[in-house]
Amino acid sequence: MATLPIYRWRLAPDGYATRRQLRARNLRPGGQDVAAQLERPRRRRGPLVAYLYRVDLAKPVRPMTPGRWAALAKANAARRICPACRCDAGYVIPTSLGMCVPCAYPDPHGSEGTA
């Protein structure tokens with residue numbers, strides 16, 4: 001098994017890109033294996049590692065179909081429904097709370113508030 005070439009931070013040759021850099025160019029790795037590794041040294045810890053892919057082997061991003069748009073909209077709508085009160089919160093429910101903010105922190109004074 002051959003080892004990957006390792007480059008230092010900002011010293012990778014042209015023709016390699018990370019997943020995010022590929023996505024910015026509307027490309028995807030397209031099933032290719034990792035071609036190289038980028039390392040950024042850190043103090044007192046191991047280096048940060050980024051995997052690089054060859055740009056010439058990358059494929060274009062698949063377009064969104066109407067079915068995929070519908071599935072994505074349905075999934076995002078489900079993330080806005082509070083499991084406690086079953087209402088649409090209007091925002092994505094925080095996973096740390098597991099419910100909408102009014103259900104997580106009910107007003108102890110009722111709906112009148114303080115006068």
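Leu38 has Ala50 as its bridge partner in strand E5. The structure is a predicted model, in which local features need pLDDT of at least 70 and side-chain atom pairs count only at pLDDT 80 or more, while totals for chains, interfaces and linings use all residues. Residues are numbered from 1 along each chain as its sequence is written, and side-chain values use heavy atoms, with hydrogens and water left out.

Strands are DSSP runs of E of at least two residues, numbered from the N terminus, and two of them pair if DSSP finds at least two bridges between them. Strand E4 (residues 36-40) is joined to strand E5 (residues 48-54) by 5 bridges, and the two run antiparallel. E4 also pairs with strand E1 (residues 6-8), in the parallel sense, over 3 bridges. Here Leu38 is the bridge partner of Tyr7.

Strand E4 also holds Arg40, which is partly exposed because its relative accessibility is 38% (partly exposed lies between buried, under 20%, and exposed, over 50%, with a 1.4 Å probe and protein chains only). Arg40 belongs to a surface patch of positive charge together with Arg10, Arg42 and Arg45.

A nonpolar surface patch of about 250 Å² is formed by Leu4, Val49 and Tyr51. Leu4 is located in the segment before E1 and, at a relative accessible area of 32%, is partly exposed.

Note on methods
Helix = DSSP H or I, 4+ residues; strand = E, 2+ residues; numbered from the N terminus. Patch = residues over 30% accessible without salt bridge, like charges linked within 9 Å, V, L, I, M, F, W, Y side chains within 5 Å. Areas by Shrake-Rupley, 256 points an atom, 1.4 Å probe, with all protein chains shown as cover. Salt bridge = Lys/Arg side-chain N within 4 Å of Asp/Glu carboxyl O. Lys, Arg positive; Asp, Glu negative; His and termini not counted. Charge placed at Lys NZ, Arg CZ, Asp CG, Glu CD.
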